[in-house]
Amino acid sequence: MAAPDLTPAAFTESVFHYAVEQSAIAISITDAEARILYVNPAFCAITGYAPQEVVGQKQSLLSYKSTPREVYQAMWAALTSGRAWTGRLLNRRRDGSPYVAELTVTPVVSPGADADEIHYLGMHWDATEEHRLAQQLANHKHLVESVVSVAPVAVALLDGSGKVVLDNPAYKRVVAEMGVGEPAHAVLSALRDSLGEGFDQAVARRRPLLSQELRFDRAGGEPRWYACSLSWFEEHSTQPDAFYADAPNDYLLLVMHDISAAKRQHEALRLAAMRAMLSEGELNQSLREALSGAVFQLQGPVNLISAAAGLQRRRAGPAAAMDPLAKALSDAQRAGEEAIATLQAAMPPELPAVAGPVNLNEVLRDVLMIETDALLSAGVTVDWRPAHVLPSIHGDPTALRTLFRQLVANAIEAMNVRGWTERNLSIVTAPHGNQIEVELTDTGPGIPEALRLKVFEPFFSTKQTKTGARGVGLSLAQEIVSRHRGVLEFDPHHSGGCRLRVSFPGARALERALTETLG
Ligand code: FAD
């Protein structure tokens, strides 16, 4: 509503006047030569000049004289062709201090005036603080990027769909070295396998997982160990419609620290300790085998003697006590039984088994390292193809090592025959559902179909006894596999050698089965 003593036009004009006067933006109006005709109070507040000090002066009075010439040239090129210009200049206040001005200059031609009777409307605000924050942010970003790009750890950022949207050179090196499509995905599935529900809960609650050690095996290469950490990062939307209703995007930050060198050192120490333990175990085992063999060999004749003694006693009837043959047979039976008891008493006790989660890749690697000399001297080449990531099984690592040493030793022995040229042993590990499977294939003569069951019998050997074969290898292997709830079988369809498959329930599957059994 216009004031009663003003015409509507005069009222609007006065509103415009006050609006300009009270605007928080610095406003100046100049003539065509950029000579100042008017400035508002905000202009004075920002620049420190009083109106009378600037009216009649050129706008260049505000120039800090360090704005590049091209900026002014671009400004004037726009203005002289009748277009507005917006940009940032470095200005000087009355006290000499600089500030960043975000300026818009608009050519103003009054209706009815000649085209050359032009004025310019300048509006600017002090953008120093905004500039400082923007620069600080840019510096911070640059610093973070520099640190991440030279950091010795591999970093990958995954979006909600699991796509890697950002990575660093160290991660790219991991991609090249591991030869799997996306190492981040391999890490996530390995963590899921090893942590089970703990992983799902951490993901659901966005809880970080720190320094989880993972081992990655590579065909024909040293295994790599990484300490992997996961953390979550929330990105707030930059879209205007999310200003009051933000729905942040979740990103997963994966950091992989290569700890292979330290692990290798640790492995070397472990291997030395394991060799010492194995030789003690082997001594124990071979003593047990030799004594069991002797007991087994003795038991047959003793059984025969005991049957004969029984028969003779029955034949002699009441005079059995006086019968010299019955007495001799009873003495022989007693002596035989005593000999068996003595041998059994001399048998060293089995070493205590230590059960826990076992990675079969690790076990097989140990076995291959221990058997390196035997493989080399028999001229056997090994095709070692471990699964990149293999879930653990629950078991006794020493017994499992003995199992695979036995199977590898059998394969070497089968191929190490004079004149046999094809000498290759392939070992493949793979998870199949809840089962962990190891497949050993040699290029030896294979086992004839008729003997495939017999070879698992104790003290059965396809080799001549004079070679020293005790024939307990496969029965012992079978016993270890059964103790671990596994299955050991020959592939009946494989030709050109022997293919053995050993499979065990994965540790998690076994855990589930036990929980279900125990209710
Ligand atoms: P100038 O002598 O101005 O020359 C710079 C370039 O601009 C030259 O290429 C010249 O040919 C061209 N030029 C200059 N005047 C004209 C003109 N009238 N017509 C065509 N071309 C021309 N500058 C600031 O530094 N800070 C400000 O806050 C600021 N506010 C402004 C507000 C308005 C409304 C206007 C119209 C201009 C403003 N300017 C401002 C620009 C200012 O007028 C000067 O161009 C600038 O300060 C450079 O001054 P200078 O003496 O170094 O060079």
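Visitor: Which residue has an N or O atom in its side chain 2.8 Å from a nitrogen atom of the ligand?
Guide: This is a predicted model, and a polar contact here is a pair of N or O atoms within 3.5 Å. A pair at 2.8 Å that includes a nitrogen atom of the ligand involves the side chain of Asn91.

Visitor: How much of the ligand's area does the protein bury?
Guide: Taken alone, the ligand exposes 910 Å². Of that area, the protein buries 77%.

Visitor: What is the distance from an oxygen atom of the ligand to an N or O atom in the side chain of Tyr72?
Guide: Tyr72 is among the residues that come nearest to the ligand, together with Ala32, Ser60, Trp76 and Asn91. Arg69 also places a polar side-chain atom 3.4 Å from an oxygen atom of the ligand. For the side chain of Tyr72, the distance to a ligand oxygen is 2.9 Å.

Visitor: Which element gives the most to the shell around the ligand?
Guide: Strands E3 (85-92), E4 (98-109) and E5 (118-126) and helix H4 (69-80) each supply at least two residues. The shell divides into ten nonpolar, eight polar and three charged residues. With six residues, the element that gives the most is H4.

Visitor: Is Cys44 buried or exposed?
Guide: The structure holds zero disulfides. Cys498 has a relative accessible area of 11% and is buried. The cut-off for buried is under 20%. Cys44 has 14% relative accessibility, so Cys44 counts as buried.

How values were computed:
Residues numbered from 1 in each chain as written. Predicted model: local features only at pLDDT ≥ 70, side-chain atom pairs only at ≥ 80, totals over all residues. Heavy atoms only, no water. Near = heavy atom within 4 Å. Polar contact = N/O pair within 3.5 Å; in protein donor to acceptor, adjacent residues only side chain to side chain. Areas by Shrake-Rupley, 256 points an atom, 1.4 Å probe, with all protein chains shown as cover. Helix = DSSP H or I, 4+ residues; strand = E, 2+ residues; numbered from the N terminus. Nonpolar A, V, L, I, M, F, W, Y, C, P; charged D, E, K, R; others polar. Disulfide = S-S within 2.5 Å. Buried < 20%, exposed > 50% of the residue type's maximum accessible area, 1.4 Å probe, protein only.
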